[in-house]
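Hi everyone, thanks for coming. I'd like to walk you through one model today, so please have a look at it with me.

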Amino acid sequence: MAGRIICFVPYREDAQAAATVAALRSEKPVVGIRLLSTAEDAPSEALGCPVIKVPGLSSTAAVKAIATHSRGDYSLIFTKYTSLQLVHYSLERMIQLMEDTGAVMAYSDHFASVDGVLSQAPKIDCQSGSLRDDFDFGSMLLYRSDILRSCAASLEADYAYAGMYALRLAAWRRGELLHINEYLYYDVESDTRASGVKQFDYVNPRNREVQVEMEQACTHHLKEIGGWLEPSDFEDIDLSAGEFGYEASVVIPCRNRVRTIGYAIASALAQKTDFKYNVIVVDDNSTDGTVDVIKSFLGDEKLIYIAQDPTWHAIGGNWNAALHHPGCGRFALQLDSDDTYSGPDTVQKFVEAFREQNCAMVVGTYRMTDFEGNMLSPGIIDHREWTPDNGRNNALRINGLGAPRGFFTPLLREMNFPTTKYGEDYAVGLRVSRRYRIGRIYDVLYNCRRWEGNSDAALDVVSVNANNFYKDKIRTWELAARIAHNTER
């Protein structure tokens, strides 16, 4: 197997890349190393390696430059400016498994170093629904060179940011992206932020230009595989269906939120409307005093309290309990037990949006705040990537559809939420968007309060992987349904 890999390593200066170059040179399968530099004044050679100038490491130009120099049987792309160290015979192992399976690209678990402390960094399998542009393959990717060259040649769009994303989508269309669940290298982790901070990167307004390109790349991929839906081809929705005593219900599922539930309930009960609405609080066997707080509001006739039985419900099951309660209104509006509405007109604006936009679901705009209500970065999240001309397709790439959310109750009673504590709203949103229009409100309606008690504030890697794998699975199921839908037409 010796002598088969050309390696591509980001380069800023000798000191930054020297350890990685030395590590790769010591590997028998490596026959060449190329350095990638974004600096205009970069030398033509450094550390005894040719330097390839590219406008950006993730650009289409970088992909095509790599393809031009990928003359080995395999091309190893290292994606970080930090140092890489390989486990003994790891490259031989990757080649072996790629040849055994016919995979077009391979990635593996690895060890991560944070301030000198090593920890395990397991990855997850890449599915057909792994359309997120932030899917974590790790920093070492091994492509079959012929596949890389073919994919690079097929890239027509000149992306500044989405080139590497478009490359792996094109590779997926040609074969398996193989996850080797063995720890094959050591990496330095450069992003040490908590999971609750990282998850909002894709909605940060500063990343808007990046997101536009990622959407374009994903849309092209969906068209290539038959999963793209015509943006305006929706079924009509009859908003007058059913008999309801209330026009709207604010639904607040909760478990052990003694510190926050009172604020959420008070915010919901303070709404001003020109129609009847109520507030349905579903408690899932809290043990911390949450129930006492809920009961303190029972003097308000608008409040309905549902106490769940001790079986498994999670957030999705709590939503189903509210939706199927005879007191649920025509429109069911989300309010998490951590959060508050931004003003007394949120419920009114929701119902007006349903009527004006004739849609089965409405997504609003929220403001990130701390526990005291002070705005946090990235500030106001309006999900403008959900556009009328492509929102239902881009929904398969992004990791959420925004908040607050409102649903047409008769439709949701047919669909139901999955009985899970994560991704339940995303699953419903994708399914709704397959057939029906989703409306938008760009006014701030909601305060998303971040604090140490948030369920997603600081998850360990196993929990993050489980959440990401499940959302990818939701996308996989939905993508299959959309391809079948298009095939049947």
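Predicted model: local features only at pLDDT ≥ 70, side-chain atom pairs only at ≥ 80, totals over all residues.

Residues are numbered from 1 along each chain as its sequence is written, and side-chain values use heavy atoms, with hydrogens and water left out.

So, the rings. A pair of aromatic rings is described by the distance of the centres and the angle of the planes. Here, rings of Phe, Tyr and Trp (its six-membered ring) pair if their centres lie within 6.5 Å; planes under 30 degrees apart are called stacked, over 60 edge-to-face, and the rest tilted. How many aromatic pairs does the structure hold? There are twelve.

One of them joins Tyr263 and Phe371, edge-to-face, with 6.0 Å from centre to centre and 80° between the planes. This pair links distant parts of the chain, 108 residues apart: Tyr263 belongs to helix α8 (residues 261-269), and Phe371 to the loop between β16 (361-369) and β17 (375-381). Helices (H or I, at least four residues) and strands (E, at least two) are DSSP runs, by the way, numbered from the N terminus. Tyr263 is partly exposed at 47%, while Phe371 is buried at 14%.

Now, why is the pair of Phe331 and Phe354 stacked? Because the planes of the two rings are at 20°, with the centres 4.3 Å apart. Phe331 is in strand β14 (residues 331-334) and Phe354 in helix α11 (residues 346-357), so the pair ties together parts 23 residues apart in sequence. Phe331 is buried, at 0% relative accessibility, and Phe354 is buried at 0% as well.

On to the helices. Helix α2 (residues 60-69) packs with helix α5 (residues 163-172) at an angle of about 55°, the axes being 7 Å apart. Thr60, Val63 and Ile66 of α2 meet Gly163, Met164 and Leu167 of α5. Thr60, Val63 and Ile66 are also among the buried residues of α2.

Last, two residues I like. Ser130 is in the loop between β8 (117-121) and β9 (140-144), and is buried at 2% relative accessibility. What does Ser130 touch, not counting residues up to four places away in sequence? Asp125, Phe135, Arg168 and Asp472, where contact means heavy atoms within 4.5 Å. Phe135 also forms one aromatic cluster with Tyr107 and Phe137.

Asp14, in helix α1 (residues 14-25), is partly exposed at 39%. Leaving aside neighbours within four places in sequence, Asp14 is in contact with Ala46 and Leu47. The C-alpha atoms of Asp14 and Ala46 are separated by 6.9 Å, though these residues are 32 apart along the chain.

Technical notes
Buried < 20%, exposed > 50% of the residue type's maximum accessible area, 1.4 Å probe, protein only. Axes fitted to C-alpha atoms, helices over the stretch in contact; angles between N-to-C directions.
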